[in-house]
Amino acid sequence: MSAKSDQKRQMKSAARLYAVQALFQMESAGQTAEKVMREFEDHRFGAVYEEGEMAEGDLSHFRFLMDNAVNYQAKIDQMTDRALVAKWPIDRIDPTLRALFRAAGAELTKGDTPPRVAITEFVDVAKAFYPEGREPKFVNAVLDHMAREAKPEAF
């Protein structure tokens with residue numbers, strides 16, 4: 001893999017992480033997508049803090065994930081509900097996981113990323129938020145179910 005394609009992959013990975021954070025912020029703070037996206041684009045992408053530097057994200061992929069997660073939220077939430085155990089509808093799960101499923105659902109239903117790549121990427125996002133927990137395995141199982149529904153031809 002060339003350095004340029006590796007950098008592009010890293011920027012898309014960062015965009016996925018930022019999209020999950022932005023969707024979480026929208027829900028928890030009751031902010032609009034436009035306001036949160038503007039904040040992330042202006043203050044998070046490539047920002048430098050005392051603790052370190054934030055990764056530069058792929059702006060177009062971030063916007064794609066955000067727009068589709070917001071515009072197709074009801075459809076994505078229904079798909080997520082079908083992948084979850086009946087006793088645990090999406091509104092009962094952790095808000096970070098809810099944001100992750102929405103961002104991943106946007107990529108799985110509207111994107112051209114191969115489903116297995118998207119699943120791996122979002123499992124890595126789950127590992128960033130839950131390094132010691134069982135959540136990454138849970139995320140993998142739910143996203144696998146969602147991907148098989150969204151793009152059965154890929155399996």
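**Confidence**

I looked up the pLDDT before anything else. The chain averages 92, and 93% of the residues score at least 70. I then went through the elements by mean pLDDT. Strand β2, residues 52–53, has the lowest value, 64, while helix α5 has the highest, 98. I note for myself that where pLDDT is low, the predicted coordinates should not be read in detail.

**Helix α5**

I turned to α5, which covers residues 95–110 and has 16 residues. From its first C-alpha to its last I find 22 Å, close to the 22 Å expected at 1.5 Å a residue. How many of its residues are buried? I find 14 of the 16, so α5 is largely enclosed by the rest of the structure. At the N-terminal end I looked for a cap and found Asp-94. A side-chain oxygen of Asp-94 lies 2.8 Å from the backbone nitrogen of Thr-96.

**Aromatic pairs**

I find five aromatic pairs in the structure. I took up Tyr-18 and Phe-40, which form an edge-to-face pair, 6.2 Å centre to centre with 65 degrees between the planes. The two residues are 22 residues apart, and the pair links distant parts of the chain: Tyr-18 sits in helix α1 (residues 3–29) and Phe-40 in helix α2 (residues 33–43). Tyr-18 counts as buried because its relative accessibility is 2%, under the 20% cut-off. Phe-40 is buried as well, with a relative accessible area of 0%.

I then went to Phe-101 and Phe-138, also an edge-to-face pair, at 6.0 Å centre to centre and 70 degrees between the planes. Phe-101 lies in α5 and Phe-138 in helix α7 (residues 135–150), so this pair ties together parts that are 37 residues apart in sequence. Are the two partners buried or exposed? Phe-101 is buried, with a relative accessible area of 0%, whereas Phe-138 counts as partly exposed at 35% relative accessibility.

**Cluster and charges over rings**

Together with Phe-45 and Phe-62 they form one aromatic cluster. Which charged residue lies over the face of Phe-40? I find Arg-44 there, at 4.1 Å from the ring centre. For Tyr-72 I noted Lys-110, which lies over the face of the ring at 4.1 Å from its centre. Lys-110 falls within the 95–110 range of α5.

Conventions: Residues numbered from 1 in each chain as written. Predicted model: local features only at pLDDT ≥ 70, side-chain atom pairs only at ≥ 80, totals over all residues. Heavy atoms only, no water. Helix = DSSP H or I, 4+ residues; strand = E, 2+ residues; numbered from the N terminus. Expected span 1.5 Å × (residues − 1). Buried < 20%, exposed > 50% of the residue type's maximum accessible area, 1.4 Å probe, protein only. Polar contact = N/O pair within 3.5 Å; in protein donor to acceptor, adjacent residues only side chain to side chain. pLDDT = per-residue confidence, 0-100. Phe/Tyr/Trp six-rings, centres within 6.5 Å; stacked < 30°, edge-to-face > 60°. Lys NZ or Arg CZ within 6 Å of the ring centre and 35° of its normal.
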